[in-house]
Amino acid sequence: SDIQRCTKHKTENVLAKVLKEDHGEVKDSLRKIFYAPTYEHAKEAIDLFRRAWGKRYPSAWDILTNDL
């Protein structure tokens, strides 16, 4: 069966793997993904997140992409 998580819990899970000093910027990046107007915009926002945060926070990236 498919699993769908609410954006609040997904955000909390990702932020748990991020230093508090980066929470604001990471949260903004997540909002761009979750509230993208189209699927294409969401894919672009995911790629931007990966480039901005994936290397610094690989476990946050894994959580984000785990059930996409």
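In this predicted model, the axes of H3 and H4 come within 9 Å and cross at roughly 160°. An angle over 145° counts as roughly antiparallel, so H3 and H4 are roughly antiparallel to each other. The crossing of H3 past H4 is left-handed. On the H3 side, Ile46, Phe49, Arg50 and Gly54 make the contact. H4 meets them with Pro58, Trp61 and Leu64.

In one of them, the ring centres of Phe49 and Trp61 lie 6.2 Å apart and the planes stand at 20°. Planes under 30 degrees apart count as stacked, so this pair is stacked. It links distant parts of the chain: Phe49 sits in H3 (residues 39–54) and Trp61 in H4 (residues 58–65), twelve residues apart. Both Phe49 and Trp61 are buried.

Phe49 leads on to the nonpolar core. In soluble globular proteins, nonpolar side chains tend to be buried together. Here the largest nonpolar core holds 14 residues. Val14, Val26, Leu30, Ile33, Phe49 and Leu64 touch the most other members. Helices H1 (7–15), H2 (23–34), H3 and H4 each give two or more residues to this core. H3 gives the most, with four.

Ile33 shows how the parts meet. Leaving aside residues up to four places away in sequence, Ile33 touches Ala42, Ala45, Ile46, Phe49 and Leu64. Among these, Ile46, Phe49 and Leu64 also take part in the contact between H3 and H4.

Conventions. Residues numbered from 1 in each chain as written. Predicted model: local features only at pLDDT ≥ 70, side-chain atom pairs only at ≥ 80, totals over all residues. Heavy atoms only, no water. Phe/Tyr/Trp six-rings, centres within 6.5 Å; stacked < 30°, edge-to-face > 60°. Buried < 20%, exposed > 50% of the residue type's maximum accessible area, 1.4 Å probe, protein only. Core = buried A, V, L, I, M, F, W, Y, C linked by side-chain atoms within 4.5 Å. Contact = heavy atoms within 4.5 Å. Axes fitted to C-alpha atoms, helices over the stretch in contact; angles between N-to-C directions. Parallel < 35°, antiparallel > 145°, perpendicular 65-115°, else oblique. Left-handed = near helix turned anticlockwise from the far one by under 90°.
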